[in-house]
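Please open the model in your viewer and keep the sequence panel beside it.

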Amino acid sequence: MASALMAARAQFAITIGFHIVLAAFTLGLANFLMVLEALWLRSGRQIYLDIYRYWLKVFALNVAVGTASGLILEYQFGLNWSRLAVQAGDVLGPLMFYEVLAAFFLEAGFLGIMLFGLKKVGPRLHFFATCAVAAGSLISAFWILSANSWMQTPAGFSLDAHGRFIAEDWWAIIFNPSFPYRLAHMTLAALLGSATLVAGISAWQLLKASHNPRARLQFSLALWVITVLTPLQLVVGDLHGQHSLDVQPQKVAAIEGSWTRPPPGAGEPLRLLAWPDQSERRNHWEVAIPRIGSLYLRHDLSSTITALDEFPPEDIPPVAPVFFAFRLMVGLGLLMLGQGLISLILRRRQRLYSAHWWLRASVLMAPAGFVAMLSGWIVTEVGRQPFTVYGLMRTADSLSAVSRAQVLGSTWLILLFYGLIFGLGLWVLLRLLREPPQADEPGPQPTLADETGHS
């Protein structure tokens, strides 16, 4: 069972890792397209429509590949985690159903109008379709994060004689205690991940065509998103951490690598580097700054947190992955904060598009937002272990009656499918992005006057 459990957890990590990036990029690009079309309608400047049509092709490709990865994610969930579905299906089933409604009826329904309807329905109605797709992506994230947050902080339920979760209060289920923090944190992560990727691609294009006005404009817009949202994300992350300290103290102790509580009044150190050893229940090669951990954990210099040795050993999550993933997430977040601040300085000096070192650095930062987001999900999901429904249902009790060989066999099939789909998708994506947007992007090129029939 133990080996089958680890194989199933690894398969889930693979499938969710692929899908979450595509889903987040869908959310970020949908809202980027909405802003571009709004700017075009307001200003009448063709440059906004050119960039819109350019990224619309990328958006359509991302939705297609994301749909394929989503189907695989559902497949592995039904294959490996049927006991969780049986025990918690009364709560999770309706939440997932509403997510499907949002994703397929709103996003897929209006995507056709976005792709093919600009000349047919007119700019205003076409903008409505773009807004509907952007809203659909946010609504989809709402329901997915509500379901995930309920598993982290379950509320509004009762347990029947067979241990099944029975929904009692849907308001409490949907708006469970951790949901507002997770919704805000994940939405900002998706927008920032999309912004760093757009900025990196634009910088790469500017290195080849430094005077392309469309590449300059999309680079500038992406950097404004990074500049504005990164400080906000740091604030939301701090609030999220404060809440996690109250409801999931084991997770925070693993994040901090805190095996034993310091003496009263000594404060919690900030462990910059360490190698957590779960078997010996201590850290090797620890580099720490005294008291600074208390500053961001408790907002003072003397308080401490509940340490890992105060919990039963069987309730402690894998410490090393959580510890390192959190530091990677925060480190990349600080780099994005620096990217935003440097962009302000270069704007003022009028070197935003001409400093080659800056453009190369932005290219290197292209995946930073999504890598930080994946690191955050490792913290969230691995830090919840050994539970699927926190404190109430263990991951080992959620596993289907499958063998290690069955899980490994399906994992190789999934990897083969991913290699084909993602390889083809990446090849098409690179072909789309090898040149910056041009004035003659393919497709109908209406003017705002088309809406009234006069040109």
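What follows is a list of stops, each with something to select and a description of what is there.

This is a predicted model, in which local features need pLDDT of at least 70 and side-chain atom pairs count only at pLDDT 80 or more, while totals for chains, interfaces and linings use all residues. Residues are numbered from 1 along each chain as its sequence is written, and side-chain values use heavy atoms, with hydrogens and water left out.

**The chain.** Begin by showing the chain as a cartoon, where you can find 14 helices and six strands; these are DSSP runs numbered from the N terminus, with helices being H or I of at least four residues and strands E of at least two. The C-alpha trace spans about 75 × 50 × 40 Å along its principal axes. Of the 455 residues, 49% are buried, a word that here means under 20% relative accessible area, whereas exposed means over 50% and partly exposed lies in between (1.4 Å probe, protein chains only).

**S69.** Next select S69, which is found in helix α2, residues 46-80. S69 counts as buried because its relative accessibility is 0%. A polar atom of its side chain lies 2.9 Å from the backbone oxygen of G66. Leaving aside residues up to four places away in sequence, S69 touches H19, L22, Y418 and F422, where a contact means heavy atoms within 4.5 Å.

Which loop holds R291? Select R291 in the loop between β4 (282-289) and α10, and note that its phi is near 70 degrees, a positive value in a residue other than glycine. R291 counts as partly exposed because its relative accessibility is 36%. Then move to H299, in the loop between α10 and α11, which has a positive phi of about 60 degrees although it is not a glycine. Most residues other than glycine have a negative phi, and most peptide bonds are trans.

**Q385 and P386.** Now select Q385 and P386, and look at the peptide bond from Q385 to P386, which is cis, with omega near 10 degrees. P386 is found in the loop between α13 and β5 (387-389).

Definitions and conventions
A polar contact is a pair of N or O atoms within 3.5 Å; within protein, one must be able to donate a hydrogen and the other to accept it, and residues adjacent in sequence count only if both atoms are side-chain atoms.
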